[in-house]
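Here is a short briefing on one structure. Look at the sequence and the fold first.

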Amino acid sequence: MEKIQLPQQVTELMSLLRSHCYESLVVGDAARELLMGNNPMDYDIITNCEMDRLLIIFDNYRLNEDNAERGELIVTVRGMVIMVSPYRKGFDEQGKPVYASLPVHDLARRDFTMNAVGITIDGELYDPFDGAGCLAAQPYIIKAVSYQNDGCEPVSSVTASPAVLMNALALAATGDYVIHSETAAEIKSCAQSVTDLPPRQLRDAFEQILMAKRCGDIMVEYKQVVFAIFPELAQTDGFDQHSENHAMTLYCHTCKSTFFAPPDLTLRYALFFHGAGKPDCEAIYADGHASFYGHGERAVILAEKALKRLKAPTEQIEEALFLIRHHDLAETLKTEEIDRLLEYITPVRLKKLLLAGYANLRAKKPEYEQKAAAMKRLSEQVLHWNEPTNNKFRAFI
């Protein structure tokens, strides 16, 4: 591997540390971005130099000591802002840094191996967890940092921190990363730990997954985490809908329809919860088919409880509940009914209802693709429905 070129401002500080017999490494986001072939703007340096000595060594530079008590010194070198820190194992209960003597201790507290790589002043890698190997793969590999310290059992970053666990899923949901098999197993085994996160933090983390392009795949593969966050949906797992209109079980249909929904937060929440009430409303007839009368209202109750538990904004909840309550309206909607509907709901809401119907249809069976496409075309027309020039486009299915 070719040596990595560091900016002169960075090597200037590292050279100064070396001249005082201290070692140093570029770490964190900067090291990862450099390995990915990018040009980071912010750099972090870790060193075995203590904070008191750092203040003396860098006294000719402009310094920001606001976070010195946390072991962080900001040094500005010819327009570049660089953070320099002594090696740290982590922080104690009072938020004070726990300093370390070796760089591996500092890297061991990182979340993923790709973020636990150091670069020397000479452009060589210090890579005790093979983070460079994870970044050399396509797509990139998310692997938890696991480190044995002080004779204890190895501790994995995803089992130690539910925030790291959720971040792993959010990255995988983008489509640019895959989760290593060992880390995937660890995530599933400690899925319940995510409930230790504060409600708003947990909601924000889940919404990163919900809005990503691989949300459906991640929610299926890591359903243990989803059901820990939303136990209301656990009963949909493996649930047979006893319908010729559905090619998959209820939870798989839920995830697929959520994926097909455009990336609007309330719309995706609506598709995520739209079938949650079916198990409670199931009625199976003698011929084997089932009906689910009232499942929309039941889903509203379950969704409201779940979203309030996660401290979702009131307006967001109300909009999602409206879409859940009326999610099946679009499937039976006739073109001539739109004028009457627009007297009661806004064009924007009607558009969302049509898009909910589009996503729901696409997730049922391939035979519904044509009808779903027509519904999506109609959703693009309703915002201009009353304009005279739009009359010729009023064709639906």
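This is a predicted model: local features need pLDDT of at least 70, side-chain atom pairs count only at pLDDT 80 or more; totals for chains, interfaces and linings use all residues.

Residues are numbered from 1 along each chain as its sequence is written, and side-chain values use heavy atoms, without hydrogens and water.

**Helix α8**
- Helix α8 spans residues 181-189; helices (H or I, at least four residues) and strands (E, at least two) are DSSP runs, numbered from the N terminus.
- Thr183, Ala184 and Ile187 are buried in α8, where buried means under 20% relative accessible area and exposed over 50% (1.4 Å probe, protein chains only).
- They lie on the same side of α8 because they cover an arc of only 105° around the axis, taken from the directions from the helix axis to the C-beta atoms.
- Ser181 and Ser189 are exposed on the other side of α8.
- The buried residues of α8 pack against β10, α6, α7, β13 and α11.

**Nonpolar cores**
- The largest nonpolar core has 116 residues; such a core is a set of buried Ala, Val, Leu, Ile, Met, Phe, Trp, Tyr and Cys residues joined through side-chain atoms within 4.5 Å.
- Phe58, Met166, Val225, Phe230 and Phe273 touch the most other members.
- Helix α7 gives the largest share of this core, nine residues.
- Another core, of 11 residues, lies apart from it and includes Tyr87 and Phe129.

**Met36**
- Met36 sits in the loop between α2 and β2.
- Leaving aside neighbours within four places in sequence, Met36 is in contact (heavy atoms within 4.5 Å) with Leu135, Tyr140 and Tyr177.
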